[in-house]
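This report covers helix packing and sheet layout. Please keep the structure in view while reading.

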Amino acid sequence: MNSRDPHKTTQRQSLHYYKEQRENRLRQRQRTIIKRRILLGGALLLCLVFAISAKIGISHFLTANPTEAAHSLPVENGPVYIGATEVQRGYDFSATEQTVTLNDESIASTQILLINLKNNSIVAQKDAQTIISPASMTKVLTILVAAEHLQDLNDTFTISREITDYCYQHKCSAVGFSDGETVPVKDLFYGTILPSGADAAVALAIYTAGSHEAFIDLMNQKLDELGLSQTAHFTNCVGLYDELHYCTAADMAVIMKAALENDLCREVLSTKNYTTARTSQHPDGLNISNWFLRRIEDKETNGSVIAAKTGFVNQSGNCAVSYFLSASGTPYIAVTVNAFSSWRCIYDHVALYSTYGA
């Protein structure tokens, strides 16, 4: 029978234990080294990817087609249309070497401006930067501000005694709405422009802003937005004369262009005849007309006068702003101030368009 030495057995076990521990440490170290290499390789690969991406991105930016690049950005210089007619963006009207300074006695108005909207160039002018009272041409801004704040064109508004009294006290032209009559808001737009109705204009102001005064604030904010605050300031939505109610012929051309770029305003300014909704006060509605458009439509202008708004106060005589499309398709805006009669005002626009509207 063989016997084992306990001391030797313990020694062998200890050697085996330490050997196993050393191998475990070596394996752990190897795993750590492998992990570090994997992490380092991943980091290098990620840096390489970023570098390649950056290079491609910069290269594409430098070599991309400008038109393609423009489509990826917000369009700020795209075309602007008045109806189907493309016009130059913006409201900076500039004189050129071809601009005519008018001294022609065949055009009686004392302030005159004709703008080619294809390039925003001044075709002809006379004292266009002189301060004037815009009279009822004011109402172009009235409907523009109302249109931009409009919530529901099919809404209704009830004419108040305050509105009818305002028209009576100031001897304003009016549509003829009655105190207590409830009319569609749409009719207020047409009533403001076609017969130059102060009842419709004040009603539209109150409907839009809650009061005439609050609406005037909106009008002056719009003048500031259009860049006109240095030469234009309004104190009412109707066009009544006031020393603090003023602009220039050039300002009025800007206001007209902005209004024509609004679909609702363009439709209203281009309408020759309109019948308001039937009400208990007016069972057949009220027939209203834009007499400037009706009177000029058969005159020889070598094109068509599409839209217009007239005005009159003693301080500015008969005045008008109109939009014209020539036979060749070129769009124009004309502003004239201080003609001695309403017909003379019309013939001044005819003379401008037929002579300079190519």
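## Terms and basis

A crossing is left-handed if the near helix is turned anticlockwise from the far one by less than a right angle, and right-handed if clockwise. Helices (H or I, at least four residues) and strands (E, at least two) are DSSP runs, numbered from the N terminus.

This is a predicted model: local features need pLDDT of at least 70, side-chain atom pairs count only at pLDDT 80 or more, and totals for chains, interfaces and linings use all residues. Residues are numbered from 1 along each chain as its sequence is written, and side-chain values use heavy atoms, with hydrogens and water left out.

## H5 against H6

The crossing of H5 and H6 is left-handed. Helix H5 spans residues 185–193 and helix H6 residues 198–209. Their axes lie 8 Å apart, at an angle of about 135°. Axes are lines fitted to C-alpha atoms, for helices over the stretch in contact; angles run from 0 to 180 degrees between N-to-C directions. H5 and H6 are therefore oblique to each other. Angles under 35 degrees count as roughly parallel, over 145 as roughly antiparallel, 65 to 115 as roughly perpendicular and the rest as oblique.

H5 contributes Val185, Leu188, Phe189, Gly191 and Thr192 to the contact. H6 supplies Ala200, Ala201, Ala203, Leu204 and Tyr207. Contact means heavy atoms within 4.5 Å. By class, this contact of H5 with H6 has 8 nonpolar, 2 polar and no charged residues. Ala, Val, Leu, Ile, Met, Phe, Trp, Tyr, Cys and Pro count as nonpolar; Asp, Glu, Lys and Arg as charged; the others, Gly among them, as polar.

## H3 against H6

Helix H3 (residues 138–148) also meets H6: the axes come within 10 Å and cross at roughly 30°. H3 and H6 are therefore roughly parallel to each other. Their crossing is left-handed.

Lys139, Thr142, Ile143 and Ala146 of H3 touch Ala198, Ala201, Leu204 and Thr208 of H6. The H3–H6 contact holds 5 nonpolar, 2 polar and 1 charged.

An open sheet has 6 strands in the order S3-S5-S4-S14-S13-S12, with mixed pairing. Two strands pair if DSSP finds at least two bridges between them. S3 (94–101) and S12 (303–313) are the edge strands, each pairing on one side only. Neighbouring strands are turned by 15° against each other on average, direction ignored.

S12 and S13 (residues 317–326) run antiparallel, joined by 10 bridges. Opposite Val313 stands Gly317 in S13. Helix H8 (residues 249–260) packs on the sheet. H8 touches S4 (111–116), S12, S13 and S14 (331–339), and its direction makes about 140° with that of S14.
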